[in-house]
Amino acid sequence: MKKKYWSCLFCVLALLALSGCHKIRFTDPKKITYDTPDHKEPTAKHPRTALGLSTQHKIHSLNPNKVQSGYELAALNMLGEGLFRLNDQGDILPGVCNGKIERSNNQITLHLNPEARWSNNQPVKAEDFVYAWQELVRPENHHFYGNILNDIVAQATNIQKGDSSVDQLGITALDDHTLLLTLEKETLPTQDLKRLLAFPALFPINKDFVQHIDYTLYGDKSANSLSNGPYSLENWAPEWDTWSYVRNEMYPEKSDYPTQKITVQYAKNLSIFEKSYQQQILDMTFSKKASKNNQASLHPKHTVLHLNGNSNNKKHQLLTDETFRALLCQSIDQSALKENQSKEADNVQLTSSMDPLTPDLSLENPSSSLDAQSTLSRLLKENHYQAFELNLITDDTADSVQLANQLKDQWQNQLSHLTINVLALPESTLLTRYQEGDYDLALLNHQSYDNQTNRIFYTPYLNSAYQQSLGEDYASYSQLLTEQPLTQRLEDTTCQKAQQFLQNHYLLKPLLRSESYYHLRDQVVTQSPFQSSLLINFKGMAYQPNDQTIPILPKKSSLKK
């Protein structure tokens, strides 16, 4: 009994002695803590081993078939390689293909570079392209770019309709390094074909690798992915906020990419990047304003925010009423939206164009002018509603959520008995719901991508579901979009006419066009990953660690706050 008593007493005295010196912390030892008032956190002594970049967008899949957003298209330019590739100057260069195209009527023969390798050192085979393209157009997969080969590659359209099987698609592997393409029409210009073949959604997928993990899992995390481009992603999953580009040592031209590792930090709010940049954790950060103290460069990214009303919404029949959609559009004060956004950002402009790269269009405003409250009261009465509630979906970045709430306030202030709920969604969820028509109102953020034809902004309205909404204009709209080659950008005059049709029926309303700036440590990075385009390009970009890459740890007072 005495032994037990003295052991307990000794433990108590030991704890008391320790508590007089420092507080006991039962926390993660890797986290920054301060044990005593006079404790000072030591500063880091060594430069970072990796270049630090920032982004407000996430990569949701490394499967090229599942790519959706402009940022994913830009990032995949470094993580994969198609038959051809696009550089940041817009030039089309040889990729996995040796650069030559052999034509015979509507048949195209392409020869693959035998040195092309996957990041696991397996050769890139012609069969990898056949497999990837077949899975892309398979209708039950519902891929965002599943119709990109329609009316271009033989049988693609019929496969999408369910009238043909994927093995009838006009792509055949003659051997490991030879591909045969069969086109719908032999008149497709060679340069347009090359540009199409450089599009990331048409990158190959290693068939042998996928057979070991299942197609549905391919690209859902780093371990379930392979790269045939200059870099691979490590420590990545769609829900994580940091990840790393690591140079693919199997890439034939790896010497053109001197930076071996690049870490990326994601955040919804730009203020987080500014703090990390000041603490020398990042070497490049974005800003909505051109700083007076630091040299800022204009980011070659153009963004258009526009509103879409779901005229095919089966849950809310009121949205199928053109008068109600007109009421929503006419109740928007674009100038007030711009004024609020301009308080925090430079280069915010009103826009009438849905395409970020197309100049503002001279559109005629519909002649009807509605009395807001009386029109809404009439519509509610006709449809036997006492009030009406709609969901407005948008992405979860701070800017989009702010703008969505401004729209909500404008509508609810002018239209009593109307309630708007703002739903901020991850970008991939937003695009999926928009594609499937699972929304009432959608505030979308369209970003420019160099190899993306502007036709993509208008083709969704060719769906037969919009035939009722466009009425007699549907046939004219369809004919307008098929007058130019399917792989070419629509001319400005064509965009103007197409958008006039859509605006006349209040199917969409472009709101604001904006640009952003970025700050780059010139003594750390030899050149920007954004030369003259949105494409991410690390070619020739060297990381030079120095005293500007030694992290500055925050002071105790700022951590407490």
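**Entry 1: the whole chain.** First thing to write down: this is a predicted model. I looked up the secondary structure and got 16 helices and 17 strands for the protein chain. Next I checked burial, and 50% of the 561 residues are buried. I also looked at how far apart in sequence the contacting residues are. Among contacts between residues at least 6 apart, 71% join residues at least 24 apart.

Entry 2: A reminder to myself: in soluble globular proteins, nonpolar side chains tend to be buried together. So I went looking for nonpolar cores. The largest one has 51 residues, and Leu83, Leu110, Trp133 and Leu149 have the most contacts inside it. Which elements supply at least two residues each? On the strand side I noted E2 (84–86), E4 (97–104), E5 (107–112) and E7 (178–182). On the helix side there are H3 (126–137), H4 (156–161), H5 (190–197) and H6 (207–210). H3 gives the largest share, eight residues.

Leaving out residues up to four places away in sequence, Leu83 touches Pro94, Gly95, Val96, Cys97, Leu110, Leu112, Phe129, Trp133, Leu179 and Leu197.

There is also a second, separate core of 36 residues, which includes Leu62, Tyr231, Trp236 and Phe530.

**Entry 3: H14 and H15.** Now for helix pairs. I looked up H14 (residues 473–481) and H15 (residues 492–504): their axes come within 10 Å and cross at roughly 155 degrees. That makes H14 roughly antiparallel to H15. The crossing is left-handed. From H14, the contact uses Asp473, Ser476, Tyr477, Leu480 and Leu481, while H15 brings Thr494, Lys497, Ala498, Phe501 and Leu502. I sorted these contact residues by type and got six nonpolar, two polar and two charged.

**Entry 4: H9 and H11.** The other pair I checked is H9 (residues 334–342) with H11 (residues 398–414). They pack at an angle of about 145 degrees, with their axes 11 Å apart. Left-handed or right-handed? The crossing of H9 and H11 is right-handed. H9 makes the contact through Ala336, Leu337, Asn340 and Gln341, and H11 through Asp399, Gln402, Leu403, Gln406, Leu407 and Gln410. By type, I noted four nonpolar, five polar and one charged residue in this contact.

Notes: Residues are numbered from 1 along each chain as its sequence is written. This is a predicted model: local features need pLDDT of at least 70, side-chain atom pairs count only at pLDDT 80 or more; totals for chains, interfaces and linings use all residues. Side-chain values use heavy atoms; hydrogens and water are left out. Axes are lines fitted to C-alpha atoms, for helices over the stretch in contact, and angles run from 0 to 180 degrees between N-to-C directions. Helices (H or I, at least four residues) and strands (E, at least two) are DSSP runs, numbered from the N terminus. Angles under 35 degrees count as roughly parallel, over 145 as roughly antiparallel, 65 to 115 as roughly perpendicular and the rest as oblique. A crossing is left-handed if the near helix is turned anticlockwise from the far one by less than a right angle, and right-handed if clockwise. Contact means heavy atoms within 4.5 Å. Ala, Val, Leu, Ile, Met, Phe, Trp, Tyr, Cys and Pro count as nonpolar, Asp, Glu, Lys and Arg as charged, and the others, Gly among them, as polar. A nonpolar core is a set of buried Ala, Val, Leu, Ile, Met, Phe, Trp, Tyr and Cys residues joined through side-chain atoms within 4.5 Å. Buried means under 20% relative accessible area, exposed over 50%, partly exposed in between (1.4 Å probe, protein chains only).
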